[in-house]
Amino acid sequence: MVDTPTPDLTLDAKGLLCPMPIVKLAKAIKELQPGQVLLLEATDPGSVPDVTAWAKNTGNPLLAHETDDKVMRFWIQKS
């Protein structure tokens with residue numbers, strides 16, 4: 001397990017298929033203040049490249065990523 005920051009908001013996108021985890025992520029990140037951290041939990045394997053690309057394209061840093069069984073967790077900081 002990687003060192004992970006404490007999230008300010010956790011978004012449960014488990015069971016959702018592309019593009020819904022990213023749609024929900026984009027909406028939820030707007031609720032945060034700059035510097036706050038969102039934890040996204042997803043089960044869609046496509047979330048790994050999708051979240052990575054979304055973070056790069058939006059300038060919101062992807063701080064950490066881990067996979068535990070079939071659940072992928074992404075810690076994203078609002079820029």
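Begin by selecting Ser47: at 3% relative accessibility it counts as buried, where buried means under 20% relative accessible area, exposed over 50% and partly exposed in between, with a 1.4 Å probe and protein chains only. Ser47 lies in helix α2; helices (H or I, at least four residues) and strands (E, at least two) are DSSP runs, numbered from the N terminus. Leaving aside residues up to four places away in sequence, Ser47 touches Pro21, Ala42, Thr52 and Phe74, a contact being heavy atoms within 4.5 Å.

Before going further, note that this is a predicted model, in which local features need pLDDT of at least 70 and side-chain atom pairs count only at pLDDT 80 or more, while totals for chains, interfaces and linings use all residues. Residues are numbered from 1 along each chain as its sequence is written, and side-chain values use heavy atoms, with hydrogens and water left out.

**The whole chain**

Now display the chain as a cartoon. Two helices and four strands make up its secondary structure, and from the N terminus on the elements run β-α-β-α-β-β. The radius of gyration is 11 Å, close to the 12 Å that the globule rule gives for 79 residues, so the chain is as compact as a globular protein of that length. That radius is taken over C-alpha atoms, and the rule is 2.2 Å times the number of residues to the power 0.38. Along the principal axes, the C-alpha atoms fill a box of roughly 30 × 25 × 20 Å. Of the 79 residues, 37% count as buried. Among contacts with a separation of 6 or more, 66% come from residues 24 or more positions apart. The accessible surface comes to about 4600 Å², and 55% of it belongs to carbon and sulfur atoms; these areas come from the Shrake-Rupley method with a 1.4 Å probe, and for residues only the protein chains shown count as cover.

**The sheet**

Select the four strands next. They form an open sheet in the order β1-β2-β4-β3, with mixed pairing; two strands pair if DSSP finds at least two bridges between them. At the edges are β1 (9-13) and β3 (62-68), each of which pairs on one side only. From one strand to the next, the twist averages 15 degrees.

Proceed across the sheet from β1. This strand and β2 pair in the parallel sense over five bridges, and Leu9 stands opposite Leu38 in β2. Strand β2 is mostly covered, with six of its six residues buried. Show its side chains: Val37, Leu39 and Glu41 point one way, Leu38, Leu40 and Ala42 the other way, and all are buried.

Move on to β4, which runs antiparallel to β2 and is joined to it by six bridges. Here Ala42 stands opposite Met72. Strand β4 is also mostly covered, since six of its seven residues are buried.

Six bridges join it to β4 (residues 71-77), and the two run antiparallel. Two facing pairs may be highlighted: Asp68 stands opposite Val71, and His65 opposite Phe74. These two strands form a hairpin with two residues between them, and Asp69 in the turn has a positive phi of about 60 degrees.

Stay on β3 and select Glu66, which is found in this strand. At 14% relative accessibility, Glu66 counts as buried. A C-alpha distance drawn from Glu66 to Val48, 18 residues apart along the chain, reads 9.7 Å.

Axes are lines fitted to C-alpha atoms, for helices over the stretch in contact, and angles run from 0 to 180 degrees between N-to-C directions.

Finish with helix α1 (residues 20-29). Which of its residues are buried? They are Pro21, Ile22, Leu25, Ala28 and Ile29. Turn the view to look down the axis of α1: the buried residues fall within an arc of 130 degrees, so they line one face of the helix. The arc is that of the directions from the helix axis to the C-beta atoms. These buried residues of α1 pack against β1, β2, α2 and β4.
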